[in-house]
Amino acid sequence: MAKMILVRRTYVPRAGTGGQLAARVRAAGDAMEAAGFPKPRIFRTYSGYHGTLIVDQEWNSIETYEASRDAVRNTKAITSIFDEIYPLLETTHHTEILIGS
């Protein structure tokens, strides 16, 4: 039986780019929702690296999430925003997949 999953991505900005990163991550979330994907929830951290964002996105199953990857990569409205996000990052984002029990 498929289980709900939570995809959690952590974005750490380069110094001085936190505000820009937050705006672009919000725009990416809006573009994902407009394209029919689950809308991500965005959280700011209050400890750890300054300006870090945690983005959670719920999916019905790992299979649904995996099937979405090619569709997301082929959606210019989303990929064009990520082209703006990556230069703002200290390092590539960290992804965790949490499986509901």
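This briefing covers the pockets, the salt bridges and a nonpolar surface patch of the structure above. The model is predicted, so that local features need pLDDT of at least 70 and side-chain atom pairs count only at pLDDT 80 or more, whereas totals for chains, interfaces and linings use all residues. Residues are numbered from 1 along each chain as its sequence is written, and side-chain values use heavy atoms, with hydrogens and water left out.

**Pockets**

- The largest pocket has a volume of about 300 Å³, a pocket being an open set of points on a 1 Å grid over the protein atoms alone, where a 1.4 Å probe fits and protein lies on both sides within 12 Å along at least five of seven lines.
- Its lining comprises 20 residues, with Y11, M32, V72, F82 and Y86 nearest the centre; lining residues have an atom within 4 Å of a point.
- Helix α3 gives the most to this lining, with 5 residues, and β1 (5-11), α1 (18-34), β3 (53-59), α2 (62-73) and α3 (76-85) each supply at least two; helices (H or I, at least four residues) and strands (E, at least two) are DSSP runs.
- The lining of the largest pocket divides into 12 nonpolar, 4 polar and 4 charged residues.
- The second largest pocket holds about 200 Å³ of space and is lined by 13 residues, among them R44, T45, H50, G51 and T52, which lie nearest its centre.
- The lining of the second largest pocket has 4 nonpolar, 8 polar and 1 charged residues, and α1 provides the largest share, 3 residues.

**Salt bridges**

- The structure holds 6 salt bridges, each defined by a side-chain nitrogen of Lys or Arg within 4 Å of a carboxyl oxygen of Asp or Glu.
- R41 and E58 meet in one of them (3.4 Å, N to O); because R41 lies in strand β2 (residues 41-44) and E58 in strand β3, the pair ties together parts that are 17 residues apart in sequence.
- R73 pairs with D70, the closest N and O atoms being 3.4 Å apart, and these two residues, 3 apart in helix α2, are separated by about one helical turn.
- E33 and K39 form a salt bridge at 3.8 Å, N to O, and D30, E33 and K39 are linked in a network of salt bridges.

**Surface patch**

- I62, I97 and I99 make a nonpolar surface patch of about 250 Å², where patch residues have over 30% relative accessible area and no salt bridge, like charges being joined within 9 Å and nonpolar side chains within 5 Å.
- I97 lies in strand β4 (residues 94-99) and, at 35% relative accessibility, counts as partly exposed, between buried (under 20%) and exposed (over 50%) with a 1.4 Å probe and protein chains only.

Notes: Areas by Shrake-Rupley, 256 points an atom, 1.4 Å probe, with all protein chains shown as cover. Points joined across faces, edges and corners; volume = space filled by probe spheres on them. Nonpolar A, V, L, I, M, F, W, Y, C, P; charged D, E, K, R; others polar.
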